[in-house]
Amino acid sequence: MRAYTHHQIASLLETTAPMLMLDMAELDENGDAALGCKAVSISEGVFQGHFPDQPILPGVLQVSAMVQLSRLLFQESIPGIGGTQIVLRQIRRLKFRKPVLPGNVMKVEARLQERRVDGEAEFQVSCSTEAGLASAGTILLARVNTSDYDHPRHIASRPESPFRQAMAEGIVTDAQGLMNILPHRPPFLLLDKAVNLGQPEPARLYGCKNLSSCDMMMAGNTTGVYPFPLMLEAAAQLGCAHLLSQPEYKGKLGIFLGIDEANFYQHAKFGDSLVIAGHCDLGGRAGMAEGELWVDDQKIATCAMKFILVDSL
């Protein structure tokens, strides 16, 4: 059994607070399983925004913990086939079952399911607390060359977004307007504006998140790469804002039920404007949100997620 402290994990993964979701970790001697833990405290900044009156650890931070533990296992135990950088390629059938609350100690598990000759590896992952299983699913990591996940960025001549005109012509809700609809607050309000909230079809729904190096969730980030799980949260907030802006759902709380599938193709970095183009459908209290995430003229991710609207937890 190989044991890792918080500082060792931070150094190996180049990730620090507030996004590092592991306080310690242990890797099995066989190199096919890992166990980690995260002590959850009300003093963590994320609870200022998720949610001020009902503090809950965001589901995407559970995802971050599972991805980070799998990355550590991949990096330390699986020979380097493929490129030089380990990235999250896909999330599948990941379900959220119980909330993680301040005062819980979250146990994180990752087990290697399949190792592929192209440098990819599939992991079965889970988070649990004293109350039982909190979340579980499957993630796919890959070793890639850095250039495979980056696209050129030029200040003077950035490619035009394919949604520029549609967003300019739509009905805009700014950040203050979003806070009148959503219970989210900084630092975990991950949209700067939304377009066409509450509008009937065929109006397309858009959101925008500017990736700033001054973002409180990015404190200590030296890579300039925006975490994939936070991109999913931005998409989820857009879908919830769309529904909660409608009178019949006003005052409800949108809760993640799961991620059916999310695929990641390129990085988003500081200085980028992340655009989400999507739609959501509601049947009863439960719904499905689907979205594409773009930077400039490049589609960098897709996602399909389930959620439920509740009065409160």
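# Exercises on pockets, ring pairs and contacts

The lining of the largest pocket comprises 17 nonpolar, twelve polar and five charged residues. Here Ala, Val, Leu, Ile, Met, Phe, Trp, Tyr, Cys and Pro count as nonpolar, Asp, Glu, Lys and Arg as charged, and the others, Gly among them, as polar. The model is predicted: local features need pLDDT of at least 70 and side-chain atom pairs count only at pLDDT 80 or more, while totals for chains, interfaces and linings use all residues. Residues are numbered from 1 along each chain as its sequence is written, and side-chain values use heavy atoms, with hydrogens and water left out.

**Exercise 1.** State the volume of the largest pocket, and find which element gives the most to its lining.

*Solution.* 
- Criterion: on a 1 Å grid over the protein atoms alone, a pocket is an open set of points with protein on both sides within 12 Å along at least five of seven lines, whereas a cavity is a set where a 1.4 Å probe fits but cannot get out; lining residues have an atom within 4 Å of a point.
- Volume: about 750 Å³ for the largest pocket, taken as the space filled by probe spheres set on the points, which are joined across faces, edges and corners.
- Lining: there are 34 residues, and Leu13, Thr15, Arg71, Thr223 and Val225 lie nearest the centre.
- Elements: at least two lining residues come from each of helix H1 (6-13), helix H2 (59-77), strand E4 (85-96) and helix H5 (228-244). Helices (H or I, at least four residues) and strands (E, at least two) are DSSP runs numbered from the N terminus.

**Exercise 2.** Describe the lining of the second largest pocket by residue and by element.

*Solution.* 
- The second largest pocket holds about 460 Å³ of space.
- Of its 28 lining residues, Phe96, Gly254, Ile255, Phe256 and Leu257 lie nearest the centre.
- H2, H5, strand E11 (253-264) and strand E14 (298-310) each supply at least two residues.
- By class, the lining has 17 nonpolar, seven polar and four charged residues.

**Exercise 3.** Count the cavities of 30 Å³ or more and identify what lines the largest cavity.

*Solution.* 
- The count is one cavity, and the largest cavity contains about 70 Å³ of space.
- Thirteen residues would be written here as 13; among them Ala235, Gly278, His279, Ala289 and Glu290 lie nearest the centre.
- Two or more lining residues come from each of H5, E12, strand E13 (286-295) and E14.
- E12 provides the largest share, four residues.
- The lining of the largest cavity is made up of eight nonpolar, four polar and one charged.

**Exercise 4.** Classify the ring pair of phenylalanine 74 and phenylalanine 123, then that of phenylalanine 96 and phenylalanine 256.

*Solution.* 
- Criterion: rings of Phe, Tyr and Trp (its six-membered ring) pair if their centres lie within 6.5 Å; planes under 30 degrees apart are stacked, over 60 edge-to-face, and the rest tilted.
- Search: the whole structure has six aromatic pairs.
- Phenylalanine 74 and phenylalanine 123 are 6.1 Å apart centre to centre with 50 degrees between the planes, a tilted pair.
- Phenylalanine 74 belongs to helix H2 and phenylalanine 123 to strand E6 (residues 120-129), so this pair ties together parts 49 residues apart in sequence.
- For phenylalanine 96 and phenylalanine 256, the centres are 5.3 Å apart and the planes at 25 degrees, so the pair is stacked.
- Phenylalanine 96 is in strand E4 and phenylalanine 256 in strand E11, so the parts tied together are 160 residues apart in sequence.
- Phenylalanine 96 is buried at 12% relative accessibility, as is phenylalanine 256 at 15%.
- Ring pairs also link Tyr149, Phe228 and Phe264 into a cluster.

**Exercise 5.** Which side chain makes a polar contact with the side chain of glutamine 266, and which with that of tyrosine 4?

*Solution.* 
- Criterion: a polar contact is a pair of N or O atoms within 3.5 Å; within protein, one must be able to donate a hydrogen and the other to accept it, and residues adjacent in sequence count only if both atoms are side-chain atoms.
- Glutamine 266 sits in the loop between E11 and strand E12 (273-283) and is buried, at 12% relative accessible area.
- Its side-chain partner is histidine 151, at 3.1 Å.
- Tyrosine 4 is in strand E1 (residues 2-5) and is buried at 10%.
- The side chain of tyrosine 4 meets that of glutamate 76 at 2.8 Å.
- Leaving aside residues up to four places away in sequence, tyrosine 4 touches Ile9, Leu12, Met24, Ala25, Leu27, Leu72 and Glu76, where contact means heavy atoms within 4.5 Å.

How values were computed:
Buried < 20%, exposed > 50% of the residue type's maximum accessible area, 1.4 Å probe, protein only.
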